[in-house]
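I opened a notebook page for this structure and went through sheet, core, charges and rings in turn. The entries follow in the order I looked things up.

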Amino acid sequence: MDRLNAMETFVNVVESGSFSGAARRLEIGQPAVSKTIAQLEERLGVRLLLRSTRGLTPTEAGQRFYERALRTIEDADEAERSARDAGTGLSGPLRICAAVTFTRLRILPYLKPFLDLHPQLSLDIVLDDRHIDMLEEGIDVALRMGALTDSGMTARKIAQSPRSVVGTPSYFARHGMPATPADLSCHSAVIYGQAGGGSWEFRRGSTEVSVAVSGRIKVNAAEGVRAAVLADMGLAISSEWMFEPELASGELQRVLTEWALPPVDLWAVYPGGRMASAKARAFIAYVEQLLSTR
């Protein structure tokens, strides 16, 4: 029995709800479909389908097999596409999800060489600071920062950025510079709701300090943090990525630089444990190289 062919037959039976429907889809005779399913159940030693008034429905074991078989077929199809792409170049759409500010500052301005290298490829970029449902939104690959909570995704760390406490020179002129993490309790914080809220962790050597900060502004998007900090409304903890231009120009200053903060990890995340497409792998390799050289 051809295992992949049997999986494709079973998937079509489940999706069409009948042997005859699967036979029409596959353009083969119904007896061939029935025989394949019988052989598959015999091989696995478990009933996969039940007859009902609505047609054929999968058993619990059948539903699990269907989900895994569908993924296997998709991976096999992608493997073939990947091999073809290697010879013909990347083409078609690639749907990407990434955080707004990070992408605006560190990715979008530098995509032209990647697009020039792959003239048949198009990028559909979804900018969102939230961790959206990749399967529901049809995302091929996401760039996510921080801790990952969805164990059903396939992920690989591709970059890391240090974090700092930052503020404007004019803010420090009015409120003074904190000399220790404890001094932050006397300052206004701009709190980024996507990154853990108002508890900041510091380390220096073997000393670890946790500081609870407060402020009148809490936002759920990094663009809001940038706007509030640059308007002298308070301090923030931020990755170097978020304020790179302002830190380089002196418009923004780091404080408490002798204390270390946990860095921010950047992950390439693929939906549902599927094999990454050739297009997604090429894009992530480009981003990884881009971040390592800038």
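Entry 1: I started at glycine 167, which stands opposite glutamine 253 of β13. The model is a predicted one, so I take every value here as computed from it. Strand β7 covers residues 163-167 and pairs with β13 in the antiparallel sense, over 3 bridges.

I then asked in which order the strands of this open sheet run. The order is β12-β7-β13, 3 strands with antiparallel pairing. The edges are β12 (236-239) and β13 (253-255), each of which pairs on one side only. Direction ignored, neighbouring strands in this sheet are turned against each other by 55° on average.

**Entry 2: nonpolar cores.** Which residues touch the most other members of the largest nonpolar core? I noted Phe102, Leu143, Ile158, Leu266, Phe283 and Ile284, out of 25 residues in that core. Two or more residues each come from β3 (91-98), α5, β5 (141-145), β6, β14 and α11 (278-293). The largest share is that of α11, with 6 residues.

I listed the contacts of leucine 143, leaving out residues up to four places away in sequence. Among them are Phe102, Ile158, Leu266, Phe283 and Ile284, and also Cys97, Trp267 and Val287. As background, nonpolar side chains in soluble globular proteins tend to be buried together.

**Entry 3: salt bridges.** How many salt bridges does the structure hold? I found 13.

Arginine 106 pairs with glutamate 244, with 3.4 Å between the closest N and O atoms. Arginine 106 sits in helix α5 (residues 100-107) and glutamate 244 in helix α10 (residues 244-249), so this bridge ties together parts 138 residues apart in sequence. Arginine 106 is buried at 3% relative accessible area, whereas glutamate 244 is partly exposed at 30%.

Arginine 130 and aspartate 128 meet through their side chains at 2.7 Å, N to O. Arginine 130 counts as partly exposed at 49% relative accessibility, and aspartate 128 as buried at 16%.

Aspartate 265 bridges to lysine 157, the closest N and O atoms being 3.8 Å apart. Is aspartate 265 buried or exposed? At 19% relative accessibility, aspartate 265 counts as buried, because the cut-off is under 20%. Lysine 157, at 42%, counts as partly exposed.

I also noted a network: Arg95, Asp124 and Glu137 are joined by salt bridges that share partners.

**Entry 4: aromatic rings.** I searched the whole structure for aromatic pairs and got 5. For tyrosine 171 and phenylalanine 172, the ring centres are 5.8 Å apart and the planes stand at 75°, so I logged the pair as edge-to-face. Tyrosine 171 is buried at 2% relative accessibility, and phenylalanine 172 is buried at 6%.

Phe114, Phe283 and Tyr286 form one aromatic cluster. Phe283 was already on my page from the largest nonpolar core.

Note on methods
Residues are numbered from 1 along each chain as its sequence is written. This is a predicted model: local features need pLDDT of at least 70, side-chain atom pairs count only at pLDDT 80 or more; totals for chains, interfaces and linings use all residues. Side-chain values use heavy atoms; hydrogens and water are left out. Rings of Phe, Tyr and Trp (its six-membered ring) pair if their centres lie within 6.5 Å; planes under 30 degrees apart count as stacked, over 60 as edge-to-face and the rest as tilted. Buried means under 20% relative accessible area, exposed over 50%, partly exposed in between (1.4 Å probe, protein chains only). A salt bridge is a side-chain nitrogen of Lys or Arg within 4 Å of a carboxyl oxygen of Asp or Glu. Helices (H or I, at least four residues) and strands (E, at least two) are DSSP runs, numbered from the N terminus. A nonpolar core is a set of buried Ala, Val, Leu, Ile, Met, Phe, Trp, Tyr and Cys residues joined through side-chain atoms within 4.5 Å. Contact means heavy atoms within 4.5 Å. Two strands pair if DSSP finds at least two bridges between them. Axes are lines fitted to C-alpha atoms, for helices over the stretch in contact, and angles run from 0 to 180 degrees between N-to-C directions.
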